[in-house]
Amino acid sequence: NNIFNASSSFINSGTGYLLLANSTRDVFNDVVEFTNEGSGLIHVGYNGGVTEFNADLILNSTGSAGIRFGGGNGSSQLADGKRILIGAGNYTGGELNLRRFTQVGNTPQSLAMTSGTAALYLSLNSTFNGAVDFSFPQVYLHGAVFNSTARVEKNGAGGNTSNGGNIFNQHVIIKNSGTGSFVLANSNPDDFNSNASFIQTG
């Protein structure tokens with residue numbers, strides 16, 4: 001049970017994975033930044049209950065693997081008023097996989113990358129209570145909950161097939177500005193409980 005009361009930074013530049021919270025959760029009470037420059041994943045909140053982010057969460061990936069939250073049975077929670085941010089290192093490669101990730105409060109969240117090949121996965125009941133504006137080269141919607149307005153855009157090449165099981169409780173805009181397909185609800189239906197707009201410009 002690690003508790004970080006000052007700002008912290010984790011970098012993986014190697015070929016093996018870096019895994020946090022294998023047995024017990026971590027608590028970050030100040031800004032934390034994760035950077036992946038290598039070919040092995042960074043696992044955050046892997047097991048051990050609910051990893052807490054009580055300050056902003058900064059993410060970078062220029063390697064081929066990326067960052068995965070909740071890769072085992074763990075979950076993560078972002079405190080009220082805090083944000084997920086792309087850092088100065090950018091997020092051009094690998095996955096950004098938010099599994100069992102809950103945003104507390106209604107602070108708007110924005111993640112935008114228009115270069116590279118990075119893939120954004122929103123998975124396994126990850127819940128966003130604030131408005132979201134997400135735009136990534138690759139996007140996969142694998143069972144997330146959106147309780148405020150949402151704009152989700154795939155802007156890169158290649159086809160993306162989402163499992164479905166997502167719940168949209170407010171107006172959602174789903175956009176494909178890339179050159180490949182953006183398939184929704186391939187395995188399970190999505191629930192649209194308000195207006196939905198679908199835009200194809202690629």
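Colleague: Which residues form one aromatic cluster?

Modeller: In this predicted model, the cluster is made up of F4, F10, F28, F34, F53, F69 and F101.

Colleague: How is a pair of aromatic rings described?

Modeller: In one of them, the ring centres of F28 and F34 are 6.1 Å apart and the planes stand at 80 degrees, so the pair is edge-to-face. An angle over 60 degrees is what leads to that label. Likewise, the rings of F192 and F198 are edge-to-face because their planes stand at 75 degrees, with the centres 5.8 Å apart.

Colleague: Are F28 and F34 buried or exposed?

Modeller: F28 is buried, at 1% relative accessibility, and F34 is buried as well, at 0%. In the other pair, F192 is partly exposed at 32%, whereas F198 is exposed at 52%. The cut-offs explain these labels: buried means under 20%, and exposed means over 50%.

Colleague: What should I understand by a nonpolar core, and which residues have the most contacts inside the largest one here?

Modeller: In soluble globular proteins, nonpolar side chains tend to be buried together. The largest nonpolar core of this model has 37 residues, and F34 and F69 have the most contacts inside it. Strand β17, residues 132-136, gives the most to this core, with three residues.

Colleague: Which residues is F34 in contact with, leaving aside its neighbours within four places in sequence?

Modeller: The contacts of F34 include F10, F28 and F53, which also belong to the aromatic cluster. Among the others are L20, I42, V44, L57 and I67, together with N60.

Colleague: Where is S76 found, and what does it touch?

Modeller: S76 is found in strand β10, residues 75-78. With a relative accessible area of 2%, S76 is buried.

Colleague: How many salt bridges does the model have, and what is the general idea behind them?

Modeller: Side chains of opposite charge can pair when their charged atoms come close. The count for this structure comes to five salt bridges. One of them joins E52 and R25, with the closest N and O atoms 2.5 Å apart. This pair links distant parts of the chain, 27 residues apart: E52 is in strand β7 (residues 50-53), and R25 is in the loop between β3 and β4. R25 is partly exposed, at 29% relative accessibility.

Colleague: Which residues are linked in a network of salt bridges?

Modeller: The network links D133, R151 and E153. Within it, the side chains of R151 and E153 meet at 2.6 Å, N to O. R151 is partly exposed at 25%, and E153 is buried at 8%.

Colleague: How should I read the sheet, and in what order do its six strands lie?

Modeller: Strands of a sheet pair through backbone hydrogen bonds, either parallel or antiparallel. Here the six strands form an open sheet in the order β3-β6-β9-β12-β15-β18, and the pairing is parallel. β3 and β18 stand at the edges, each with a single partner strand, so one side of each is left without a neighbour in the sheet. Strand β15 (residues 119-123) pairs with β18 over five bridges. Y121 stands opposite Y140 in β18.

Colleague: Where does S162 lie, and which backbone nitrogen does its side chain reach?

Modeller: S162 lies in the loop between β21 and β22, and is buried at 0% relative accessibility. Its side chain reaches the backbone nitrogen of L141 at 2.9 Å. Residues touched by S162 also include Y140 and H142, as well as F182 and N186.

Key: Residues numbered from 1 in each chain as written. Predicted model: local features only at pLDDT ≥ 70, side-chain atom pairs only at ≥ 80, totals over all residues. Heavy atoms only, no water. Core = buried A, V, L, I, M, F, W, Y, C linked by side-chain atoms within 4.5 Å. Buried < 20%, exposed > 50% of the residue type's maximum accessible area, 1.4 Å probe, protein only. Helix = DSSP H or I, 4+ residues; strand = E, 2+ residues; numbered from the N terminus. Contact = heavy atoms within 4.5 Å. Salt bridge = Lys/Arg side-chain N within 4 Å of Asp/Glu carboxyl O. Polar contact = N/O pair within 3.5 Å; in protein donor to acceptor, adjacent residues only side chain to side chain. Phe/Tyr/Trp six-rings, centres within 6.5 Å; stacked < 30°, edge-to-face > 60°. Pairing = 2+ DSSP bridges.
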